[in-house]
Amino acid sequence: MKAGYENLKKEREKTVNVEADEYNKEIQTKDKPKFNHPETEDLYYLGFDIDPEFLKKILALPRESLIEDLETILKDSICRYEFFCEKKENDEFYFENSIFIYHALYLLAELKSTKSLSLITGLLRQGKEFLDFWFGYTLTEDIWKIIYTLSEENLEELIEFVKEPRRSLFAKITVFSVLTQIVLNKPEKRQYIINIYIDFISFFLNNKNNPDIYDNELTGFLVMEILDIKGKELLKDIKLLYDKDMVLESIPGNFEDVKKILIEGERYDRTLKPFTDIFEEYENIMNTWSYYQDEETNMNEDVYDDEDLYRIQKKMNHDSEENYYDSYEQGTYIREEEKVGRNDPCPCGSGKKYKKCCMN
């Protein structure tokens, strides 16, 4: 999907973009949010190679106040969007700095905080530039799992989101992915989702002349999702879209191509594994995301202040509160030995790189 996302993104840049690109400018601030738990703020300084024990410590916090903190993080990604954009423009913001929003989302999924779905759809409403800044291609590749987990028993909000005018194409595609994976993972819900897709087709047909709602790329991807669930019962509905020239054929193919695939069932299995638990998800990210595989572009050693990382490490080592604050001297940590880089040989002599050995 990544290659398709990038190619389509380039094509869209050549045309008039009818999506709403504007985030909420009225609530922008540079002020840091306040949290119930100091451990929550530490999520701003940790990547996906976070210590599992620290994650367990986070999850052991009181559930309701923790959820409130995690939702505060999501709100912060909106309220300080301009602040983070400015830091990126000044080369003070790297990919690893953005992981805090993923931490919040994955932790909410782990906690099965279904009430947080409204806030997550609020993120999707912030526009194309906002979504590109925080998620890029991971919006369609990974974030669907979060939404799947939190929305499966209450899809009405997602259905309404797809029908809203001037929303991001790829945000709506992410919703399609959720619906399709429900069918593929839980066949007993197939007819329910089929009915939703019928409703979508009818909705787009009725709004053909409304450029704020209808998009032939969106309907093209909708047809793709129907192909993925082998939805031959929707063939007549799909034909209505093609008859009115409402499908961008470069995405699913022409109607005869689609008809052949649906009738003959020649479609590879698109079933994806939903969210399991946060520990497995993070391990999978570490093993599959190119960022963590490319040692040359891996996390910049100076992304985080020594003081931030030292403070977190002290917490993870379960120091007493007294010793924890004694570790500071006027808020400054002074390194006692030479700094070892992530890609340097480990000082222990194992022959491995520091990041793969004693760093964690």
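This is a predicted model: local features need pLDDT of at least 70, side-chain atom pairs count only at pLDDT 80 or more; totals for chains, interfaces and linings use all residues.
**Exercise 1. The chain as a whole**

Task: Describe the secondary structure, the burial and the contact range of the protein chain.

Solution: 
- Start with secondary structure. The protein chain has 20 helices and zero strands.
- Turn to burial. Of the 360 residues, 49% are buried.

**Exercise 2. Threonine 40**

Task: Is threonine 40 buried or exposed, and what does its side chain contact?

Solution: 
- Locate the residue. Threonine 40 sits in helix α2, which spans residues 38–42.
- Check its accessibility. The relative accessible area of threonine 40 is 0%. The cut-off for buried is under 20%, so threonine 40 counts as buried.
- List the neighbours, leaving out residues up to four places away in sequence. Threonine 40 touches Phe35, Ile58, Leu66, Asp69 and Ile73.
- Look for a polar partner. The threonine 40 side chain makes a polar contact with the side chain of aspartate 69, at 2.9 Å.
- Finish with a C-alpha distance. Phenylalanine 100 is 60 residues from threonine 40 along the chain, yet their C-alpha atoms are separated by 9.5 Å.

**Exercise 3. Two helix pairs**

Task: Describe how α3 packs with α17 and how α7 packs with α10.

Solution: 
- Two packed helices are described by the angle and the distance between their axes.
- Apply them to α3 (residues 52–59) and α17 (residues 278–288). Their axes come within 11 Å and cross at roughly 145°. The crossing is right-handed.
- Name the residues. From α3 come Pro52, Leu55, Lys56 and Leu59; from α17 come Ile278, Phe279 and Tyr282. Sorted by type, this contact has six nonpolar residues, no polar and one charged.
- Leu117, Ile120 and Leu124 of α7 meet Ile146, Ile147, Leu150 and Ser151 of α10. The contact of α7 with α10 has six nonpolar residues, one polar and no charged.

**Exercise 4. The nonpolar core**

Task: Which residues have the most contacts inside the largest nonpolar core, and what does phenylalanine 200 touch?

Solution: 
- Size the core. The largest nonpolar core holds 101 residues.
- Follow one of them. Beyond its neighbours within four places in sequence, phenylalanine 200 contacts Ile159, Val162, Lys163, Phe176, Leu179 and Leu222.

Methods:
Residues are numbered from 1 along each chain as its sequence is written. Side-chain values use heavy atoms; hydrogens and water are left out. Axes are lines fitted to C-alpha atoms, for helices over the stretch in contact, and angles run from 0 to 180 degrees between N-to-C directions. Helices (H or I, at least four residues) and strands (E, at least two) are DSSP runs, numbered from the N terminus. A crossing is left-handed if the near helix is turned anticlockwise from the far one by less than a right angle, and right-handed if clockwise. Contact means heavy atoms within 4.5 Å. Ala, Val, Leu, Ile, Met, Phe, Trp, Tyr, Cys and Pro count as nonpolar, Asp, Glu, Lys and Arg as charged, and the others, Gly among them, as polar. A nonpolar core is a set of buried Ala, Val, Leu, Ile, Met, Phe, Trp, Tyr and Cys residues joined through side-chain atoms within 4.5 Å. Buried means under 20% relative accessible area, exposed over 50%, partly exposed in between (1.4 Å probe, protein chains only). A polar contact is a pair of N or O atoms within 3.5 Å; within protein, one must be able to donate a hydrogen and the other to accept it, and residues adjacent in sequence count only if both atoms are side-chain atoms.
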